[in-house]
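This report covers a single protein model, from individual residues up to the whole chain. Please keep the sequence and the coordinates at hand while reading.

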Amino acid sequence: MNLFKQPRPTANPAAIQQIKDWVYEALALSADVPISISQLQCHEPGCPPIETVIAVMTQPTQSYKIHAAAAEITQAQVMTALHDDTPHGD
């Protein structure tokens, strides 16, 4: 089994931009703070099939996870992740 040739889930660029816009607005971030959105597929037991990770590149970096594909994420889910979840600093 070749682990390097597994299909990667692709995310809709418009959905990614919408999520970024919601994060900038919710956290009142300056436009010069980078935000990374990654859509990941998990193959481990008990793991959701797709999750979206939001990384806000502050010092330290803060990351938030939403257990859904980027195209399915709502503004309410982003607000919940940002405000109810404890960020994971790197």
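Which residues does Ile35 touch, not counting residues up to four places away in sequence? They are Lys20, Val23, Tyr24, Leu29, Ile54 and Ala55, where contact means heavy atoms within 4.5 Å.

The model is predicted: local features need pLDDT of at least 70, side-chain atom pairs count only at pLDDT 80 or more, and totals for chains, interfaces and linings use all residues. Residues are numbered from 1 along each chain as its sequence is written, and side-chain values use heavy atoms, with hydrogens and water left out.

**Overall layout**

The protein has 2 helices and 4 strands, in the order α-β-β-β-α-β from the N terminus. Helices (H or I, at least four residues) and strands (E, at least two) are DSSP runs, numbered from the N terminus. Of the 90 residues, 30% are buried; buried means under 20% relative accessible area, exposed over 50%, and partly exposed in between (1.4 Å probe, protein chains only). The accessible surface comes to about 5900 Å², and carbon and sulfur atoms hold 54% of that area. These areas come from the Shrake-Rupley method with a 1.4 Å probe; for residues, only the protein chains shown count as cover. Among contacts between residues at least 6 apart in sequence, 37% join residues at least 24 apart.

**The strands**

Two strands pair if DSSP finds at least two bridges between them. The table lists two such pairings.

| Strand pair | Bridges | Direction | Opposite residues |
|---|---|---|---|
| β1 (residues 35–41) and β2 | 7 bridges | antiparallel | Ile35 and Val56 |
| β2 (residues 50–56) and β3 | 5 bridges | antiparallel | Val53 and Lys65 |

β2 and β3 form a hairpin, with 5 residues between them. Strand β2 has 6 of its 7 residues buried, so it is largely enclosed by the rest of the structure.

Ile35 lies in strand β1 and is buried, at a relative accessible area of 8%. From Ile35 to Ile19 the separation is 16 residues in sequence and 9.7 Å in space, C-alpha to C-alpha.

Thr52 belongs to strand β2. Its relative accessibility is 0%, so Thr52 counts as buried. A polar atom of the Thr52 side chain lies 2.7 Å from the backbone oxygen of Ala68.

**Helix α2**

Which residues of helix α2 are buried? In this helix (residues 75–84) they are Val78, Ala81 and Leu82. These residues cover an arc of only 90° around the axis, which puts them on the same side of α2; the arc is that of the directions from the helix axis to the C-beta atoms. An α-helix has 3.6 residues a turn, so residues three or four places apart point the same way. The buried residues of α2 pack against α1 (13–27) and β3 (62–66). On the face turned away from this buried side, α2 carries the exposed residues Ala76 and Asp84.

Note on methods: A polar contact is a pair of N or O atoms within 3.5 Å; within protein, one must be able to donate a hydrogen and the other to accept it, and residues adjacent in sequence count only if both atoms are side-chain atoms.
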